[in-house]
Structure formats: C-alpha cells, structure tokens
Amino acid sequence: GSFLLGKWLRIPLHTVPLCSAVVDVTIQDYVADVASELIYRNKSLISTEVLFVFPLGPQMAIYSFQARSKDAKIQAMLQDEPQQLHEATGGWEDMEYLQDQSEYPGEVFACLLGTLSPGREVVVTLRYVQELLREPDGAARFVLPPTLHPYTPVYGETFALPSAMFLLAAWNCHTDKLPYSLLLTTSLQSPRGVAYVHANFNLSPLIYTSQDCSTAQVSLAGSPPSQHDLELVVHFGEPTSFSAVVEKGDPEAPTGSLLGDPMVLVTLAPSIPEAVPGQPQSGEFIFLLDTTFLEHAQVPPQTREQDGDSLLFLLKSLPLGCYFNIYCYGETSVGIYPQSVEYTQDNLIEAMQRIPSTGSNLGDTNLLGTLRSIYNTPRPCGHTRQLFLFMAGLPPDKEAIAAEVCRHHNSHRCFSFFFSEDSAALAVALARETGGEATYVSSDNSMTAVVLKCLKQALKPAAEGISLSWTLPHGLEAEVLGGTPQSIFQGQHSLLYVQIHGQAQDTTVAKGAMTLQYSLDGQDVTHTIEFSLCPQGDGRLAGHRLAARCLLKRLSLEAVSGSGDEPRHRAVEISLTSGIICPFTSYVGVRTSQRVTWYQGPLALLPLRQSFVPCQVVELRGSSRVSSCYPVSLWVPPGWLTAACTSWLALRRLAHGIAALPQQGACSKACKPPPSVSALKYVDPTTFVLCSPTFGPWFTKAIAECQELVALQNVDGSWDLSSTLASVLELDEVEIKGKMPGEDMEPSVWATVLAVTWLNRKGKCYQDLCELLEAKAVTWLCSQTESQLEKCLEAANTLFGSSVKPSVFRL
C-alpha cells in the first residue's frame, strides 16, 4: 500500500495484515444486514499509521463503526453541523489526499485509527445494510465486499472498487493461500420460503430453522477462494410473485417514530411477458433537446455528420399507438405541441417541421422550467410517461432540477444523455431516481446507436396503473414511504417501505392484507397478500434503516433546492436516530482512552479521556482529476523517508506544506473548500466511456447508407412505391414496377418488401439501427391479407441478387 504525497511522491506504507474476519449476514428477501468483526495485527518491526477505508456501493449504508485496541477505542458517531465538525477533527485537509488515490471514483467511509505498535492488534467492528440485486429469475444476489474478503485478483482483473485503498489488507500475492481466516454465516428469511442457495464458494448444507422453510441458515465451508469475490444467490419458493415482510420496530424507540413502528417490506415484481416487436404499443415519449443535440439532429440533415439523423431514427422507431412530444428547452419552455399527441403520420411530419434550426438562439438553458411544464401537463390515460433528456452542460440550478424529478419519480422514467463531464452527476442522478439509464455520448460512440439502445429498453412492456390498498385491524394505518410507483417495467422490480402507524383496538387479529391492482396489456390484474402482524425478528432493523435511507435521499433533495427548513430538520432527526448519514450530518471519530499507565487503581474513578480523529465519508474523484493547486513534484531522499516512517502523518503534512509554498499567493484556501452540502454524488464520466460501445467507421457508413430509406418510411412501417425510393434502393423505377408480382398487388406492399430485403442483403448489417423499423414493417406486411409475401420475397431476391430468408418476414 502507498499514499500520494503532493502529486507524484508515493511513500511506502507498512500495511497491517488481516488476521481474521467474522461476518454475520441476515438476508430477508431483498434486504441484507451485515455485521463484521475484523482483526488486524501489525507484524512489522516498526509502528504504522493505520487508516481504515470502506467503499460504499450505491445501495449500501453504514450504521455502526468502531475500532478498539489495547490502548483506546474509536467510535464513529453522527452529529449535526458538518462544517464545524470538519474543523474540530482536522477538517477536509485530513482526508483530501484520499480523493486522488484511485482512478475509480466513488464514495468511501474512512477513519484514521492512529499508530499501531509492532505486534499490536486492532479490532474493527462494522455494520451496514444494503438493498440486494434481484436476478431475472427472482433470486436475491449478495456479494461480500472485498474489504471483508481481501483477495488477490487473477491476472488481468481489477477490482470494481478502488482496491488500492484497502490499506489493511495486503499480503504476498505469489501465494494462493489467504493469510487470514474467514467465518461467514448467513441467516435467510422469506415468507415465500427459501428454496435453495448456490454460491461461487463451498457452502455448508442448508439448514431450515422453521417447519414452513421460511427461515434457514448456511455458512462458508472450508477456506474461501483467493482470487474472486464471494457471491451468494438465494432462490425463494415463489420467485415471480409479490411479497410482504413485516419487520418489528425498535422497542426502545418512541411509538410513532420511524424506528419505533413496524415496517412492511413490500416487493413488487410483476410477471410481464415479452412484447411482440413492431406491434402497436402504449406509452408517452417526451424528448427534451438542448442546442448541442439540435446541431447534430437536424431533420432533414444539413450535413452528413456521424449523428446527423439521430432524432430521425428515434422518431421513426416509435411504435404505433403511443403518444409523443418534443421540447427544445432554452429561454422558453414550450413544446412542439401544447401536450403530447398521438403518433400519426401527419403529427410526425408537423413536429419535424417545427423543430428549430441550428441557427436559432434558444438562450440560456431552462431545463427546470421545461420539466415543470411537462409535469404540469396531464399524460394520456393508460400511457406510461418516459423522458429522453439530452444535456450538453451542467444547468445552474442542478439541485432544484434533481428535486423536481425526485418529486415525480413515481410517475415517469428518465433516460439521460450527457455530452460533457460537468453534467454527468446530474444525468446519472435523474436516471437512477426514476429507474432509467444514463449514457455518456462522446466522439468515440454514435449518438444514434446509444439512443436507439435506450429506446429498446423503453419499449419493454410495463404493468401500469399500480395501486395498493390495505386491510388492517381498526386503529392501524399504512403509509408507503416515498409513494407507490405508477408503473413497473419488464425486468424491473420495486422495493417499498411501508410504515404501520397506530394501535390495534382488537389485538386478537394477527394478520393484515395488502391488495395490489394494476393493468397489464389492457387486462386488470389483482393480487392479495396476507402477512403476520406479529413479526419475528432479530431486532437488527435492516428494513427500517433502508427506509430511513430512502427518506433521507428525498428530504435532502428538497432541503438543498430551497424548500424551507422543515425538510432539513426532519432529515437531521432521521439521520441521527437511524445512524444513516445525510448531507446535513457528519461522522466524527471519538477516541476514548481505555487505560492510564501511571494509575493502577480502578479505571472508573477517573474520567475517560476523549479526543476527535478524522472520520468522514469521502468522495473519491479519480486520478484523472488532479487539482492544479498541487505541486508538480516533490523529492525527498529515500533514507529520510525510512527514518520518518513512524511519523508518516506528520511527514505528509510537512511535505504538503513545503510543496504549497511556491504557490501561496495563487493557491489559497479557496482552492480546497470544505465539502459542499449537496444531494448529488460525484460521477466520473470515464466510467460510462469505458462501458459504452465504440463504433468504427463501418457504423458511420451504415447510418449514411440507410438514413434516406428511414426518412421515407411511414409511421405504420410501410414504404410508398416512388421514384425517390427507387433511387435510394439504386434501382430503376420502371424495372421495379415491371418486376412486381401480380398486377393487382398493392404497390406499398411490394415497396415495403423491397425495403426490408434491401436492409437484409448479404454483407450488410443494419440490425442495431433498423431493428425497430424493420419490426414495424414486417408487422404491417403480415397484417395485409393479400400480401403474397413469399412471391414478393422471391422476386425481391432476384432483383437484388440476394438470398434473404423467409424467416425475416416471419414465414
């Protein structure tokens, strides 16, 4: 392990090996509570400055941390007034050097544990909760973080999280044997029953602890693998059904509080069949375009640029039966239409004519006003709203925008496309909050391709008009924290937290019921689920803490967007009582001395000595973002470094101060402000660049080859037989008409067969571009009773000299 001093100097740090890890996991449906105890021992001959760092996943929240040694104990505590706490604990400067330690960004919990003498041990106790991923078959997937199971990756692999920060977990990478012991036990709970468990490591036999198989236990058998994460997949008795699990409240918390009342964990996972491609489909599609996107999306295109027809491909690929609208946000917030209109040929032509030209001056971006205009416009009945948002830069009112989208997160889904690093955090936050996707559009990928990829996700069928009703004993009421989503799309699920208020007047009634109603493909569906009002549990309150995390996220957005003091006060109260951090609270490490060397009497007679140590949640920026305030280099003789190893923290501060001397005037404290109170997390767009597909020149050529054909297609999927179409197909119009099978054939049928055959010629691949367009065309052809598709395909193959198979036309 090593640290970055100044900008380039790395000081070797004697890492403290992990000796043993005891991890106890409780999984209740799709919620996990993890309690871990880690023992580290300094096996070197010199004292070592120890820093504990724990990366936080997007669905994870720490609620308890302490470290203890023979001399002292450090307890992480949440307190109000984060700015004052930063000053009291050494402030931002004590943690700022962490930010550029990893090329991967992310949020980490960090606590400076002080100096560990040779041969001494430190015991770290960490507890956190996490929402688990739901597999397509309904199973719950749990992955043990690398901090709790540090391992040597195989050649060519890298950790998904910043492994360079695991300062307490280093060993000789030339051996496959782990130098520590791991005891991993897992308790499983589900009212649907635990069917079976599988993992990528050796497991003990599954032991059921209840007759109805609703609770079970499993543990690690033997030594854990030394070259990969530990993954556990839990399969339930009814993988595609809905579930309701009641978690009892904290008996020590006040009745009526978030922790004091019972909490129902509701999982909504409708079974939604695949949609037939090209079929009419409901939905409201709204496109928010800024000036940068318009410069690349003119219809018809003024230049043959790579993404000249992105908007054209997008609009032509929409299904019949949907509604659409286009907003070009700038100084005004007016859409192409006052409200969304039905997707018809006339409406589409009119919309394309109304789109402003690239020379139009839209003024300063007014995305917030545009969003409010959309949310104030009623959506068509029975049509799920989805936004396609294109952002070139970061709007000045980003927090207010995030809060506005958060208020309406249950009523729509947002797919965001960003063109610059500045707008990455906002784009990702909007997509995550609404269950959509965020995509980075760079010069190395095709806007047309990435937009169409997201449209295919948006066209997946959904359960719509979701509503919940409750049957509870008189005196009890149910409150869905955060509200109920109006729709759930295929492949997605929704985890709701429902607080039960009040006192039951009839204590003999031991059950409640939840009735779920929704519409699927025009058919009404109803499910009723019973649950026990006398829940059993271990009192770890995983669901309550995740409910607190859910509430804090929304309250934080409201507070920082200027919604008054009430959201902030409530957020602070929930944060302090639940142990879950928010932008208005801060961790502080409290060190308590456990012994006094000169006094041999009872320790209780002396007041415990307390001091503060740096303990924060830090946003890692990634090595690509090195502040210009840092010096270019700083060289120190290696012998001096060895002598100063025991005073590593002092050395870092000294070197940092020396390096900053030449720039004292230009680089003041303003260059390193304390962390701002913001509900938006830092996101490095390089993450999206790496995972985004890169398309070569062949793809740009494919766009140019078929864009004119796409422009001629009607919204129902057909093509008209014309001289323009003949020119695009590189055929003579007279020849086309002469080869048409049968004089009584509808010309548009023949023209559509020719277009689809042309797209599927040998050596041509337009699948990613024209998959949706082609599906609409084939659906239209199959609806024509006298289409004579087989004869048409045979004639078209002869005309093009191709060998397109009948399966393309579903024959």
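**Strands, cores and helices**

User: Which residue in strand 33 is the bridge partner of Ala110?

Analyst: The bridge partner of Ala110 in strand 33 is Gln616. Strands here are DSSP runs of E with at least two residues, helices are runs of H or I with at least four, and both are numbered from the N terminus. Before going on, please note that this is a predicted model, in which local features need pLDDT of at least 70 and side-chain atom pairs count only at pLDDT 80 or more, while totals for chains, interfaces and linings use all residues. Residues are numbered from 1 along each chain as its sequence is written, and side-chain values use heavy atoms, with hydrogens and water left out.

User: How many bridges join strand 8 to strand 33?

Analyst: Strand 8 (residues 106–116) is joined to strand 33 by six bridges, and the two run antiparallel; two strands count as paired if DSSP finds at least two bridges between them.

User: And what sheet is that, with which strands at its edges?

Analyst: The sheet is open, with three strands in the order 5-8-33 and antiparallel pairing. Strand 5 (48–56) and strand 33 (615–620) each have a single partner strand, so one side of each is left without a neighbour in the sheet. Ignoring direction, neighbouring strands are turned by 30° against each other on average, where angles run from 0 to 180 degrees between N-to-C directions and axes are lines fitted to C-alpha atoms, for helices over the stretch in contact.

User: OK, switching to strand 29: is it mostly covered or open?

Analyst: Strand 29 (residues 511–520) is mostly covered, since seven of its ten residues are buried; buried means under 20% relative accessible area, exposed over 50%, and partly exposed in between, with a 1.4 Å probe and protein chains only.

User: Which strands pair with it, then?

Analyst: Strand 25 (residues 462–471) is joined to strand 29 by six antiparallel bridges, and within that pair Ser467 stands opposite Gln517. Strand 30 (residues 523–532) also pairs with strand 29 in the antiparallel sense, over ten bridges, with Met514 bridged to Ile529 in strand 30. Strands 29 and 30 form a hairpin with two residues between them, and Asp521 in the turn has a positive phi of about 55°.

User: Now the hydrophobic side. How many residues does the largest nonpolar core have, and which have the most contacts inside it?

Analyst: The largest nonpolar core has 76 residues, and Phe388 and Trp750 have the most contacts inside it; such a core is a set of buried Ala, Val, Leu, Ile, Met, Phe, Trp, Tyr and Cys residues joined through side-chain atoms within 4.5 Å. Helix 17 (residues 747–759) gives the most to this core, with nine residues. Domain 1 (284–460) and domain 2 (700–809) both contribute residues, so the core lies between them, with the domain bounds coming from an automatic or database domain assignment.

User: What is Phe388 in contact with, away from its sequence neighbours?

Analyst: Setting aside neighbours within four places in sequence, Phe388 is in contact (heavy atoms within 4.5 Å) with residues including Phe285, Phe287, Phe415, Phe417, Cys454 and Leu455. Apart from this core lies another one, of 53 residues, among them Ala21, Leu38, Tyr40 and Val124.

User: Back to helix 17: at what angle does it pack with helix 18?

Analyst: Helix 17 and helix 18 (residues 767–782) pack at about 145°, with their axes 10 Å apart. The crossing is left-handed, a term used if the near helix is turned anticlockwise from the far one by less than a right angle, with clockwise giving right-handed. Residues of helix 17 including Val749, Val753 and Val756 meet a set in helix 18 that includes Cys770, Ala777 and Trp780.

User: Last one: is Leu182 buried or exposed?

Analyst: Leu182 is buried, with a relative accessible area of 10%, and it lies in strand 12 (residues 181–189). Beyond its neighbours within four places in sequence, Leu182 is in contact with Ala21, Val23, Leu144, Leu148, His149, Leu220, Pro224 and Leu230. Leu182 and Gly222 are 40 residues apart in sequence and 9.2 Å apart in space, C-alpha to C-alpha.
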